[in-house]
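Trainee: I am new to this structure. Could you take me through its aromatic pairs in some detail?

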Amino acid sequence: MITKEKFIQYINFIDFQLNLVDSDQEHKYILGILKEIQKSFPKDNNGHCEVSHYIFDLNFGKSSPESEYETPDMLYDRLTN
């Protein structure tokens, strides 16, 4: 199981990289990190990945100004409980 600290580092690094550059090389690296995270938090039977959803659909837990912000720390706790 990935540690909470490593999980948060990975999520924050992906956030940083996606805001820093827009190159195919970085996206391949990000996908590699997601695969590493998915070893601990795999896709469900329908192919849904909660971590990918958090990153790409919910904009790192900041989906809208009206919604409650879910930190990477909170996401980890939700996924492990």
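Mentor: Searching the whole structure gives 5 aromatic pairs; rings of Phe, Tyr and Trp (its six-membered ring) pair if their centres lie within 6.5 Å, and planes under 30 degrees apart count as stacked, over 60 as edge-to-face and the rest as tilted. One of them joins Phe 13 and Tyr 29: the ring centres are 5.7 Å apart and the planes stand at 80°, so this pair is edge-to-face. It links distant parts of the chain, with Phe 13 in helix α1 (residues 4-20) and Tyr 29 in helix α2 (residues 24-38), 16 residues apart. Helices here are DSSP runs (H or I, at least four residues), numbered from the N terminus. Phe 13 is partly exposed at 30% relative accessible area, and Tyr 29 is partly exposed too, at 47%; buried means under 20%, exposed over 50%, partly exposed in between (1.4 Å probe, protein chains only).

Next come Phe 41 and Tyr 76, an edge-to-face pair with 5.8 Å from centre to centre and 85° between the planes. Phe 41 sits in the loop between α2 and α3 (50-57) and Tyr 76 in helix α4 (residues 72-80), so the pair ties together parts 35 residues apart in sequence. Both Phe 41 and Tyr 76 are buried. Together with Phe 7, these two residues form one aromatic cluster.

A word on the source: this is a predicted model, where local features need pLDDT of at least 70, side-chain atom pairs count only at pLDDT 80 or more, and totals for chains, interfaces and linings use all residues. Residues are numbered from 1 along each chain as its sequence is written, and side-chain values use heavy atoms, leaving out hydrogens and water.

Note on methods:
Helices (H or I, at least four residues) and strands (E, at least two) are DSSP runs, numbered from the N terminus.
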